[in-house]
Amino acid sequence: MSTPKVQSFLSTRKEQLKNHGRLLIKCQDQPGIVSELSNFLHQHNANITESNQYSSNPEGGMFYMRIEYYAEDLPLKARFMEQEFKKIAAAYSMAYRFAYGNELKRAAIYVSKELYCLNELLWEWQNGELPMDVAVVISNHEDAREMVEALGIPFHYIPANKDIRAQVEAEQIRLMHAYNIDLLVLARYMQILTPNFIDHFESRIINIHHSFLPAFIGARPYERAFERGVKLIGATSHYVTNDLDEGPIIEQDIERVDHREDVASLKKIGRQIERRVLARAVKWHLEDRIIVQGNKTVVFH
């Protein structure tokens, strides 16, 4: 249970957003989609408050759309609307998803010894910038326990190494189901996840990599960047797949550096980039602004 202040904020936010919904769709582009969606919402007395769309190619490409809407008594009629929408989805062969403002996603944050990304997420969360319920923090070190538990967040220390990876991941999967987790955030969790673990949470694990991917995949990117004499360093937040550091990219950012920087100063600059990149990626996921297509993403800012 988080602090009373945070719980009060979350309860207030849920109440404020109880009549707000989101609809995300993707399908083959064809005439009439926008009209069909608008008519559907109008028929259910829903007012569109934000709408974004993108067509990869109007001559037979993919079509993506995100709509935010407001409807009185939405919690009472949401399931009926979902049932009715199945007819439209079938007619256009749509992949789609409804989401609701009062259903905050439950997040688990994974961390190792470096806590700056965790600190950023918890600060943004306490400020109300990350609309989620931080249900648990998992770590293979004890360093974060005092800070996390001071906020009323459960902390689980699970030692991890390659020799016990199977039993560690089995316990982590058990905890994710026990806490009813919607999103896993790897805030500098320095352990490789197995395909078995990843398959349980497809497009629900967000990682921060301390490099502007696809450059310097894997370990020691700052050292390798220094050796290469780069003039730009960056960070990348992406969904985790079975290919190391090659999942769909959500957000990236960079800073300019020069020959005077050593590895330590590159890391110092890089930490600032990592913090803001991960926080933005998590925020966009929480607000249902991301649609995954293959190994790419469409992100409606």
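Two strands count as paired here if DSSP finds at least two bridges between them. With that in hand, look at this predicted model. Seven strands form an open sheet, in the order 7-6-5-8-9-10-11. Its pairing is mixed. Strand 7 (155–157) and strand 11 (249–256) are the edge strands, and each pairs on one side only. From one strand to the next, the twist averages 20°.

Inside this sheet, find strand 8 (residues 183–186) and strand 9 (residues 205–209). They pair in the parallel sense over three bridges. Leu186 has Asn207 of strand 9 as its bridge partner.

Further along the chain comes an annotated residue. UniProt lists Asp245 under "active site", in an unreviewed entry. Asp245 sits in the loop between strand 10 (232–239) and strand 11. Is this residue buried or exposed? Buried means under 20% relative accessible area. Asp245 has 10% relative accessibility, so it counts as buried.

Strand 1 (residues 20–28) pairs with strand 4 over six bridges, in the antiparallel sense.

UniProt, in an unreviewed entry, lists residues 22–101 as "domain: ACT". The span is 38% helix and 41% strand. Its end C-alpha atoms lie 8 Å apart.

Next, the nonpolar cores. The largest has 45 residues. Ile109, Leu118, Trp125, Leu278 and Val282 have the most contacts inside it. Helix 9 (residues 263–286) gives the most to this core, with eight residues. Another core lies apart from the largest one. This other core has 23 residues, among them Cys27, Ile33, Ala89 and Tyr92.

Helix 4 (residues 116–126) has its own buried residues: Tyr116, Cys117, Leu118, Glu120, Leu121, Leu122 and Trp125. After helix 4 comes Gly128, with a positive phi near 85°.

Charged side chains link parts of the chain as well. The count comes to 29 salt bridges. In one of them, Arg289 joins Glu68, with the closest N and O atoms 3.7 Å apart. Arg289 is in the loop between helix 9 and strand 12 (290–293), while Glu68 is in strand 3 (residues 62–71). The two are 221 residues apart. Arg289 counts as buried at 10% relative accessibility, and Glu68 is buried at 17%.

Lys105 and Asp288 form another salt bridge, at 2.9 Å from N to O. Lys105 lies in strand 5 (residues 105–111) and Asp288 in the loop between helix 9 and strand 12, so the pair ties together parts 183 residues apart in sequence. Lys105 counts as buried at 16%; Asp288 is buried at 1%.

A further salt bridge joins Arg271 and Glu114, at 3.9 Å from N to O. Arg271 is in helix 9 and Glu114 in the loop between strand 5 and helix 4, 157 residues apart. Arg271 is partly exposed at 29%, and Glu114 counts as partly exposed at 30%.

Finally, several charged residues join up. A network of salt bridges links Arg22, Glu50, Arg66, Glu68, Arg97, Lys105, Lys283, Glu287, Asp288 and Arg289.

Definitions and conventions: Residues are numbered from 1 along each chain as its sequence is written. This is a predicted model: local features need pLDDT of at least 70, side-chain atom pairs count only at pLDDT 80 or more; totals for chains, interfaces and linings use all residues. Side-chain values use heavy atoms; hydrogens and water are left out. Helices (H or I, at least four residues) and strands (E, at least two) are DSSP runs, numbered from the N terminus. UniProt positions are given in the numbering used here, feature names are shortened, and annotations may be inferred rather than shown by experiment. A nonpolar core is a set of buried Ala, Val, Leu, Ile, Met, Phe, Trp, Tyr and Cys residues joined through side-chain atoms within 4.5 Å. Buried means under 20% relative accessible area, exposed over 50%, partly exposed in between (1.4 Å probe, protein chains only). Axes are lines fitted to C-alpha atoms, for helices over the stretch in contact, and angles run from 0 to 180 degrees between N-to-C directions. A salt bridge is a side-chain nitrogen of Lys or Arg within 4 Å of a carboxyl oxygen of Asp or Glu.
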